[in-house]
Amino acid sequence: MSTNVRPATALVPPSEETRYEEDLARGLVAADEEAFAAIYRHWGSLVHTMATRSLGDPHEAEDVTQQVFMGAWRGRQGFRPERGALGAWLVGITRRKIVDALAARTRRLTLVDSVARDCDPDRSLEPAPEAVLDRVLLVDALSRLPRAQREVLCMAFYEDLTQVQIAERTGVPLGTVKSHARRGLHRLRLAVDQGRTQDADR
């Protein structure tokens with residue numbers, strides 16, 4: 001099936017716009033890739049704007065935008081025109097993905113707090129600005145860790161797994177898991193110290 005598509009910027013009467021959206025919706029359900037590309041051109045900017053306003057991070061908003069359209073493609077058989085227009089359906093998916101992104105951000109901050117406490121038992125005594133700086137530095141440092149170390153720390157703090165449980169899940173020897181955790185925490189500590197020094201020199 002090939003849907004008759006037009007540039008998203010074309011100006012058309014409301015009635016024709018409605019028919020156009022209905023054509024795109026039928027194309028989506030029929031797995032018409034041309035129609036799906038037109039859907040992305042038509043609503044991609046709106047989805048990205050919603051995500052940017054909610055998340056305040058254009059890179060995170062770009063990820064959410066991709067997730068929205070991937071979710072729409074994978075879940076296309078779940079679209080029901082009688083329940084609402086295609087645009088409204090996409091907005092609903094966008095809102096859910098934004099909620100998921102905010103929840104993931106909260107989990108990352110929880111991880112950062114947990115790692116920071118392990119790295120610095122006296123962290124609770126630090127003034128608020130420095131604590132905020134630590135969060136930023138730790139999130140960045142965690143993303144830069146070697147994959148094995150990052151995965152061990154994420155399983156430990158996101159999923160509250162013990163090192164024994166991590167070894168069982170991954171099939172990695174317990175001694176190696178402990179080594180990854182120790183080295184990962186050490187790298188995070190160094191990153192925080194270095195970041196503090198650079199910030200103090202500014």
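The legends below describe close-up views of aromatic side chains in a predicted model.

**View 1. The aromatic cluster of Phe36, Tyr40, Phe69 and Trp73.** A search of the whole structure finds four aromatic pairs, and ring pairs link Phe36, Tyr40, Phe69 and Trp73 into a cluster.

**View 2. The edge-to-face pair of Phe36 and Phe69.** The ring centres of Phe36 and Phe69 lie 6.4 Å apart and the ring planes meet at 70 degrees, so this pair is classed as edge-to-face, the angle being over the 60 degrees that this class requires. Phe36 belongs to helix α2 (residues 33–55) and Phe69 to helix α3 (residues 58–74), so that the pair links distant parts of the chain, 33 residues apart. Both Phe36 and Phe69 are buried, and for Phe69 the relative accessible area is 3%.

**View 3. The edge-to-face pair of Tyr40 and Phe69.** Here the ring centres of Tyr40 and Phe69 are 4.8 Å apart, with planes at 65 degrees, and the pair is therefore edge-to-face. Because Tyr40 lies in helix α2 and Phe69 in helix α3, the pair ties together parts that are 29 residues apart in sequence. Tyr40, at 38% relative accessibility, counts as partly exposed, whereas Phe69 is buried.

**View 4. Arg76 over the face of Trp73.** Trp73, which is one of the residues in the cluster formed by ring pairs, has Arg76 lying over its face, at 4.2 Å from the ring centre.

Methods. Residues numbered from 1 in each chain as written. Predicted model: local features only at pLDDT ≥ 70, side-chain atom pairs only at ≥ 80, totals over all residues. Heavy atoms only, no water. Phe/Tyr/Trp six-rings, centres within 6.5 Å; stacked < 30°, edge-to-face > 60°. Helix = DSSP H or I, 4+ residues; strand = E, 2+ residues; numbered from the N terminus. Buried < 20%, exposed > 50% of the residue type's maximum accessible area, 1.4 Å probe, protein only. Lys NZ or Arg CZ within 6 Å of the ring centre and 35° of its normal.
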